[in-house]
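Here are my notes for a first look at this structure. Please keep the sequence and the 3D view open while you read.

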Amino acid sequence: MGEEEEGVGTDTLNTGDQWSVQGITIREMENAVKVLLLGMGEDISREGLVDTPRRVVSMFLELTEGLRCEAPKITSFDRGSTDQMVVVADIAYTSLCEHHLAPFMGHVHIGYIPGECLAGLSKFGRVVEYYSKRPQIQEQLTSQIADHCMNQLKPRAIIVVVEGHHQCMSMRGIKKENHKTMTSAIRGPIAQGEFFRLLAVARGNSNL
Ligand SMILES: [Zn+2]
């Protein structure tokens with residue numbers, strides 16, 4: 001057909017009427033997008049919009065994959081004699097604000113003091129993906145990441161800091177372009193000064 005692929009999830013969209021989550025088919029979702037466009041005053045038969053309902057549904061399914069996949073396991077291995085803080089900085093995420101379905105995005109920073117185990121570092125990225133790929137609020141995203149890592153990894157302590165830029169604040173409403181929303185979740189006793197010092201180093205704002 002010569003159409004471009006548009007990321008994860010497009011294969012499942014070819015089933016049209018068959019795909020069903022909570023009894024809703026792809027076709028019904030596409031029709032809902034058509035209704036939205038019509039209500040805005042659009043002509044849904046014009047060339048530029050013909051494929052838009054399919055693309056919009058595909059995009060929203062991709063951006064909400066966390067709702068339909070398994071929670072990631074954090075693989076871990078014996079920490080040996082290591083007992084220092086581990087910091088993973090600048091894990092990028094994109095999510096959808098649950099109030100407007102507008103994107104918000106930014107970075108997650110995680111620091112933890114190992115318990116019995118060290119985490120496979122890429123697993124933090126998967127945890128961030130899992131909780132960000134759904135309609136969400138930043139405060140809850142932050143807590144969910146912290147609690148999931150606590151439950152799976154059982155560190156002595158963990159701190160999760162999330163920076164977010166919310167399109168629903170910059171595009172509409174009060175239209176504040178350069179805001180940043182910061183949230184943190186702390187579980188257990190952790191030296192926050194050490195965490196923020198290492199974070200500043202990771203972000204090039206300081207030297208060791
Ligand atoms: Zn919003």
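1. Strand β2 (residues 86-97) and strand β3 (residues 103-113) run antiparallel, joined by nine bridges.

2. **The turn between them.** β2 and β3 make a hairpin. Five residues separate the two strands. Look at leucine 101 in this turn, where phi is positive, at about 55°.

3. **The other partner of β3.** Which strand pairs with β3 over ten bridges? It is strand β6 (residues 157-166), and the pairing is again antiparallel. Here isoleucine 110 sits opposite valine 160 of β6.

4. **The overall order.** The protein has seven helices and seven strands. Along the sequence they follow the pattern α-α-α-β-β-β-β-α-β-α-β-α-β-α.

5. **Two domains.** The domain assignment gives domain 1 as 10-63 and domain 2 as 76-202. Their C-alpha centres are 32 Å apart. The C-alpha atoms of the whole protein fill a box of roughly 65 × 40 × 30 Å along the principal axes.

6. **Helix α3.** This helix covers residues 52-63, twelve residues in total. From first C-alpha to last, α3 reaches 16 Å, close to the 16 Å expected at 1.5 Å a residue. Which of its residues are buried? They are Pro53, Val57, Ser58, Leu61 and Leu63.

7. The protein has 208 residues, and 22% of them count as buried. Consider next the contacts with a separation of 6 or more: 72% of these link residues 24 or more positions apart.

8. **Confidence.** The mean pLDDT of the protein is 89. A value of 70 or more is reached by 91% of the residues. Which element has the lowest mean pLDDT, and which the highest? Helix α1 (residues 10-13) is the lowest, with 46. Strand β5 (residues 135-136) is the highest, with 98.

9. **A caution at the start of the chain.** Over residues 1-13, pLDDT stays under 50. For this stretch the model has 16 contacts beyond four places in sequence. Where pLDDT is low, the predicted coordinates should not be read in detail. Domain 1 is assigned from residue 10, and helix α1 spans residues 10-13.

Technical notes: Residues numbered from 1 in each chain as written. Predicted model: local features only at pLDDT ≥ 70, side-chain atom pairs only at ≥ 80, totals over all residues. Domains from an automatic or database assignment. Helix = DSSP H or I, 4+ residues; strand = E, 2+ residues; numbered from the N terminus. Expected span 1.5 Å × (residues − 1). Buried ≥ 20, exposed ≤ 12 C-beta atoms within 10 Å, placed from the backbone. Pairing = 2+ DSSP bridges. Contact = placed C-beta atoms within 7 Å. pLDDT = per-residue confidence, 0-100.
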